[in-house]
Amino acid sequence: MRKNRNNHTLTASAFLAPSMVGFLLIAAIPFALSFGISFTSWSGIKGLALFSPSFWQENFIGFENYAKILKSKEFWVSLLHVAQYMVLYIPLMLVSSLGIAMLLNKPRKGTAFFRLLFYIPVLTSWVAGAIIWKWVLDPQYGILNDILLRVGIEGPAWLQDPKWAMFGIVLASVWKDMGFYGLIFLGGLKNINPIYYEAAHLDGAGRFQSFLKITLPMLTPMVFFVLIISLINSFMLFPQVMIMTNAGPAGATQVIVERIYKYGFSYYKMGYASALSWLLFLIVFLFTYLQQKLQKKWVNYDA
Amino acid sequence: MMRNRNKSLSNLWFYVFASGIGFLIVIPLYWMIITALKTQTAIFTYPIEWFPKEITLQNFLDLFARFPFGKVLLNSTIVSVSYSAISIVTCCMAAFAFAKIPFRGSEALLKVYLATLMIPFQSTLIPLFMLFNSAGLSNTYGSVIIPSLFRVFGIFLLVQHMRTIPDDYIDAARIDGASYFTILWKVILPLSLPVIAGYAVITFMDAWNDYLWPLVMLTKPEMMTVPVALGMVNGQFERNFGVQMAGSLISIVPVVLIYLAAQSKMKDGLTLGGIKG
């Protein structure tokens with residue numbers, strides 16, 4: 001069977017044909033095109049004539065889009081907003097999802113119930129989740145400020161206050177994602193050999209010490225993985241912003257994907273939007289590359 | 001004695017903390033449900049009503065009256081089912097070729113496929129829209145179903161699984177004169193059913209909940225999928241939270257039900273995949 005490799009190439013191509021069509025149509029060609037279009041001033045209103053040289057001649061403007069973007073305050077501000085989101089979201093998400101994993105690790109009565117409960121937000125679409133949270137965070141009639149008032153805190157105007165809007169989006173995102181990452185961490189916890197805990201127990205280590213000296217180090221590969229994934233995903237922040245604030249108030253929640261969408265589909269500057277989307281790709285690529293490099297240094301894979 | 005006390009204490013902490021997190025998770029969901037059932041005036045009553053005094057289905061009726069939400073649910077069902085079905089077929093075929101058919105360049109091609117995971121979908125959004133739009137696919141089911149042809153996640157998942165199936169099965173079938181197609185259909189697929197089932201559930205949910213791509217392709221209300229429609233309802237009925245919560249509630253229910261059904265089935269499914277003898 002392992003002989004006659006060439007004879008199998010034809011068979012293999014038949015099996016690969018559908019995914020290959022998809023690969024070209026969905027990934028390869030659009031990816032190359034977005035690079036090409038990022039050097040044009042194409043608006044998107046006039047049809048696209050990819051194969052006509054005059055289309056490229058008329059619209060080609062070199063690096064102008066990139067230069068404009070990098071010089072615009074808006075681009076850097078939108079990255080700053082993503083950074084704000086990360087700084088708030090990632091620690092909150094890590095702590096709550098680790099907590100969920102620790103809770104669900106030991107099988108007890110009710111574990112299955114809580115597992116499902118914690119997972120419901122994950123099953124919810126982003127749009128529904130964002131709509132729900134928009135209403136939860138309503139300054140006057142929302143339930144969160146009502147709860148806060150009951151414990152003696154006067155809640156902020158959340159999404160209507162430029163200072164609090166991003167934090168509101170973070171709350172919704174943590175709510176939506178903690179079950180997802182919680183179950184990933186749970187998988188990691190289940191992989192730790194109980195022998196370590198027994199040994200630590202015999203040596204007189206307390207619970208907290210065991211957690212600090214065994215659980216956390218053994219879980220680092222997973223924490224690291226989740227950290228990078230959530231970092232990269234933070235750059236994709238979009239539905240929450242579209243639904244909850246529409247980038248407002250006063251542009252306080254403008255982020256990069258939202259800018260790509262608006263430039264492409266509201267302002268009809270497809271060339272500019274393509275350049276933005278290529279910068280997004282470069283940023284994400286950089287983080288993925290860093291992950292591959294740093295993984296070897298930081299992480300303990302003996303678990 | 002001491003041990004028992006420790007155990008019940010740890011159980012107590014579990015219930016305290018689990019209920020605490022559960023409370024935080026449930027509050028928004030509870031808020032959605034009671035708002036969907038409240039009257040317009042009750043929704044904007046201050047201080048807020050934690051327990052609605054009067055329950056009404058008016059918000060649901062309004063949603064269907066003011067927006068073609070029935071058609072929207074149908075659209076989402078058609079799109080999500082076709083999307084998962086096609087994606088399963090193409091992923092199985094590709095994964096089988098990578099895992100079980102020896103051909104030149106197999107490794108390299110798989111690497112190229114996997115490399116596309118590094119390209120955020122958002123980076124290809126604009127040219128993809130242009131291509132589909134100029135092919136006349138705007139406001140068609142096809143526009144949101146076609147991307148199912150290429151799902152690297154599924155291919156990767158199935159390659160990983162199919163590699164664990166011993167080659168002996170295939171060699172035996174080859175000696176009996178079976179074609180690769182027969183081998184895939186009769187040998188590999190039955191052994192991969194649990195993985196395929198799990199993948200089907202995940203893919204259905206992804207398709208059901210997808211937002212950005214349907215948002216740019218589906219602009220007519222009667223062609224929209226549920227998330228796009230909800231987004232539009234959110235824009236149109238800015239302060240009508242009753243209608244918005246009703247729509248959100250309807251959008252969540254099918255996914256939770258499918259997840260529950262899948263979870264109860266998965267347990268038997270996992271043992272089916274084992275190799276006996």
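A contact here means heavy atoms within 4.5 Å. Keep that in mind, please. This is a predicted model. Let's start with chain A.

In chain A, take the contacts with a separation of 6 or more. Residues 24 or more positions apart account for 68% of them. What is the secondary structure of chain A? It comes to 13 helices and zero strands. Read along the sequence, the pattern is α-α-α-α-α-α-α-α-α-α-α-α-α. The radius of gyration of chain A is 24 Å, well over the 19 Å that the globule rule gives for 303 residues, so chain A is more spread out than a compact globule. Its C-alpha trace spans about 75 × 70 × 35 Å along the principal axes.

Now burial and surface. Of the 303 residues in chain A, 53% are buried. The accessible surface of chain A is about 14500 Å². Carbon and sulfur atoms hold 66% of that surface. On charge, chain A carries 24 positive and 12 negative side chains. The centres of those two sets lie 10 Å apart.

You will find A:Trp76 in helix α4 of chain A. Is A:Trp76 buried or partly exposed? A:Trp76 is partly exposed, because its relative accessible area is 45%, and partly exposed runs between the buried limit of 20% and the exposed limit of 50%. Leaving out residues up to four places away in sequence, A:Trp76 touches A:Ile69 and A:Leu70. Then look across to A:Val255. A:Trp76 and A:Val255 are 179 residues apart in sequence. In space, they are 9.6 Å apart, C-alpha to C-alpha.

On to chain B. Chain B has 13 helices and zero strands. The order along the sequence reads α-α-α-α-α-α-α-α-α-α-α-α-α. Along its principal axes, the C-alpha trace of chain B spans about 75 × 75 × 30 Å.

Of its 277 residues, 53% count as buried. Among contacts in chain B with a separation of 6 or more, 73% come from residues 24 or more positions apart. Chain B exposes about 13000 Å², and carbon and sulfur atoms supply 69% of it. Chain B has 19 positive and 13 negative charges, with mean positions 6 Å apart.

Now zoom in on helix α12 of chain B, residues 226-236. Eight of its 11 residues are buried, so the helix is largely enclosed by the rest of the structure. Which residues of α12(B) are buried? They are B:Val226, B:Pro227, B:Val228, B:Ala229, B:Leu230, B:Gly231, B:Val233 and B:Asn234.

Last topic: the nonpolar cores. The largest nonpolar core has 153 residues. Inside that core, the residues with the most contacts are A:Phe118, B:Phe69 and B:Trp213. Helix α4 of chain A, residues 73-105, gives the largest share of this core, 14 residues. A second, separate core has 38 residues, including A:Leu16, B:Leu110, B:Ile165 and B:Tyr199.

Back to B:Trp213 to finish. What does B:Trp213 touch, not counting residues up to four places away in sequence? Its partners include B:Phe121, B:Leu125, B:Leu128, B:Phe129 and B:Phe132. B:Trp213 also touches B:Ser143, B:Val144 and B:Pro147.

Conventions. Residues numbered from 1 in each chain as written. Chains lettered and ligands numbered in written order. Predicted model: local features only at pLDDT ≥ 70, side-chain atom pairs only at ≥ 80, totals over all residues. Heavy atoms only, no water. Helix = DSSP H or I, 4+ residues; strand = E, 2+ residues; numbered from the N terminus. Buried < 20%, exposed > 50% of the residue type's maximum accessible area, 1.4 Å probe, protein only. Areas by Shrake-Rupley, 256 points an atom, 1.4 Å probe, with all protein chains shown as cover. Lys, Arg positive; Asp, Glu negative; His and termini not counted. Charge placed at Lys NZ, Arg CZ, Asp CG, Glu CD. Core = buried A, V, L, I, M, F, W, Y, C linked by side-chain atoms within 4.5 Å. Rg over C-alpha atoms; globule rule 2.2 N^0.38 Å.
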